[in-house]
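Below are my notes on the model, point by point. Please read them alongside the coordinates.

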Amino acid sequence: MEASTAADAAAQTTAEPVFTLELNQDQKDMRDWVHGFAQNVMRPAASEWDEKESTPWPIIQEAAKIGLYGFEGLAQFFADPTGLTMPIVNEELFWGDAGIGMAIMGTGLAVAAIIGQGTGEQIGEWIPRCFGTESDLKVAAFCASEPNAGSDVSNIRTRAKFDEATNEWVLNGQKAWATNGGISDVHVVIASVDPELGSRGHAAFVVPMSECKGISQGAKVSKHGLRASHTADVYLDDARIPANNVLGGKEKLDERLARVREGKRAKSQAAMQTFEASRPTVGAQAIGIARAAYEYALEYAKEREQFGRKIIENQSIAFALADMKTEIDCARLLVWRASWMGRTGQTFENAEGSMSKLKAGEVATWATERAIHILGGNGYTREYPVERWHRDAKIYTLFEGTSEIQRIVIARAISGIHIR
Ligand SMILES: Cc1cc2nc3c(=O)[nH]c(=O)nc-3n(C[C@H](O)[C@H](O)[C@H](O)COP(=O)(O)OP(=O)(O)OC[C@H]3O[C@@H](n4cnc5c(N)ncnc54)[C@H](O)[C@@H]3O)c2cc1C
C-alpha cells in the first residue's frame with residue numbers, strides 16, 4: 001500500500017501538471033507573430049493616425065494580408081481551448097497602438113453579436129461581409145448605445161416594427177458612439193420590438209448599408225483618445241430590412257417575446273454569460289496599453305539623470321515602477337482566469353469577467369498617468385508616446401460598461417442582492 005502511494009506520488013510529479021501558467025508553443029508563436037506586427041507596423045504609424053483621427057485603412061490592409069484581420073484570424077484566436085490566445089493577441093496589438101488596434105478589432109463586436117445570437121445561416125451570410133475581402137476590405141459596427149441609453153441600455157428608444165405587408169422590419173432611431181458607425185456595411189443594431197418589456201423586448205438586427213437607404217452616418221465624434229478608431233452616431237430613418245435580418249430569426253424572437261409576456265423568465269442569464277465572456281478581451285486591450293507605458297517609463301527612468309544619478313535610483317520612482325508591474329500582472333491574471341472560464345464553459349459565479357475588465361481599465365488609466373509622471377515634462381508632450389497612451393487608456397473605464405457598472409455587476413453577483 002505504502003509503495004503504491006509513493007509510486008503514485010512520483011507519477012504525479014512527472015505527469016503533466018493540472019494547472020500551469022506556462023504558455024504552450026502555439027500561444028508563444030502567436031504572441032510573437034502579433035508582437036512583430038505591433039512593433040514593426042503599428043508603432044511607427046501610431047502617432048500619425050492619432051493626429052489624422054481617421055481609420056488607418058492601409059494598416060488594416062496589412063493586417064488582412066497576413067491573416068491578422070479577417071474571420072480566419074479571429075477563428076484561430078478563438079480556437080485555443082484554454083481561451084488564452086484571444087487576450088494574448090489583444091494585449092500585443094494594443095501594446096502596438098490602441099487606436100489602430102481598435103480599428104482592427106472593432107469589427108469583432110458585431111461579429112461576436114452575430115455569432116452569439118445568429119442562426120447558422122445568418123453566420124454564414126453576414127460574417128464574411130463584416131470583413132470583406134483583401135481587395136475590398138470592410139469593417140462592421142455594433143450599435144447599442146444611444147444619446148439617452150449608455151449604461152442604462154433598458155432605455156433604448158430605437159424601435160423596430162414589423163410590416164406584415166412587405167415582410168420587412170422598419171427601424172427608426174438614433175445610435176450614439178458606434179465604433180465604425182457609418183463607415184461599415186454591416187451594422188448590428190439593437191432595437192426595441194416591444195418597449196413595454198424593457199431590455200427583454202430588445203432584439204439585434206443586421207442593417208447592411210449597401211442595401212438599406214434608411215441608415216446613415218451622423219456626426220463623427222472627435223475624441224480624447226483611440227483617435228485612429230472611427231466613432232460616430234448612426235441614424236435609422238424608416239430603415240427597411242428583410243424579416244430574416246433579426247438575429248436568431250423572427251420565429252424565435254416571437255417565441256421569446258411570448259414567453260416574456262406570459263411572465264416567464266427570459267434568458268437574461270445567457271446574455272450575462274456572454275458579456276462576462278467578452279469582457280476579458282477588452283481588459284486585455286487595456287493591459288496592452290498599460291504595459292507599453294510601463295516598459296517605456298522603466299527604460300526612461302534607467303536613462304534619465306538628475307542630481308547626478310539615474311532617476312530610478314530614487315525609491316519613489318523605483319517603487320512606482322514596482323507597483324505598475326505588480327498591478328499589470330495582477331490585471332493580466334484576472335483577464336486570463338476569466339478568459340479561461342469563458343472558453344471552458346465555467347459559470348461566472350462572482351462576475352469574474354467584469355472583475356477582469358474593471359481591474360484592467362483602472363490599472364491602465366492609473367499606470368499611464370504614472371508613466372507621464374515618471375517622464376516629467378517630456379511625458380506631457382506629444383514628442384513622447386506616453387501622453388497618447390494615457391488618452392487611449394481612459395476609455396477602458398468607460399466603454400463596454402463603465403467601472404461603476406462593472407462594480408454593480410460584481411456586487412450583485414457576490415451578494416445576490418439587487419444593488420443599485
Ligand atoms: C470611443 C467610444 C467607443 C464606443 N463604442 C461603442 C460601440 O461600438 N457600440 C456601442 O453601442 N456603444 C459604444 N460606446 C458607448 C459606450 O458603451 C458608452 O459611452 C458607455 O456605455 C457609457 O455610457 P454613457 O456614455 O451614456 O455614460 P452614462 O451612462 O451617462 O454614465 C455617466 C456616469 O454615470 C455613472 N453611472 C451611470 N449609472 C450609474 C449607476 N447606476 N450607478 C453608479 N454610477 C452610474 C457611469 O459609471 C459614468 O461614470 C462607445 C463610447 C466611446 C466613447
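1. Which residues of the largest nonpolar core touch the most other members? They are Ala 110, Phe 205 and Ala 290, in a core of 112 residues. A nonpolar core here is a set of buried Ala, Val, Leu, Ile, Met, Phe, Trp, Tyr and Cys residues joined through C-beta atoms within 7 Å. Buried means 20 or more other C-beta atoms within 10 Å of the residue's own, with C-beta atoms placed from the backbone. Helix H10 (residues 268-303) gives the most to this core, 12 residues.

2. On provenance: this is a predicted model, in which local features need pLDDT of at least 70 and side-chain atom pairs count only at pLDDT 80 or more, while totals for chains, interfaces and linings use all residues. Numbering runs from 1 along each chain as its sequence is written.

3. Leaving out residues up to four places away in sequence, Ala 290 touches Ile 328, Val 363, Ala 364, Ala 367, Thr 368 and Ala 393. Contact means C-beta atoms, placed from the backbone, within 7 Å.

4. The protein has 14 helices and 11 strands, taken as DSSP runs (helices H or I, at least four residues; strands E, at least two) and numbered from the N terminus. Of its 420 residues, 45% count as buried. The radius of gyration, over C-alpha atoms, is 23 Å; a compact globule of 420 residues would have one near 22 Å, so the two agree. The globule rule is 2.2 Å times the number of residues to the power 0.38.

5. An automatic or database assignment divides the protein into domain 1 (25-105), domain 2 (140-261) and domain 3 (268-415). The C-alpha centres of domain 1 and domain 3 are 18 Å apart. Their contact takes 18 residues from domain 1 and 19 residues from domain 3. On the domain 1 side, helices H2 (25-52), H5 (85-96) and H6 (98-105) each give two or more residues, and H5 has the largest share, eight residues.

6. The ligand is surrounded by 19 residues, the closest being Gly 150, Ser 151, Thr 179, Thr 402 and Glu 404; the criterion is a C-beta atom, placed from the backbone, within 6 Å of the molecule. Strand E3 (140-143), strand E5 (168-179) and helix H14 (403-415) each give two or more residues to this shell, and E5 gives the most, three residues. Domain 2 and domain 3 both give residues to the shell, so the ligand lies between them.

Technical notes. Contact = placed C-beta atoms within 7 Å. Buried ≥ 20, exposed ≤ 12 C-beta atoms within 10 Å, placed from the backbone.
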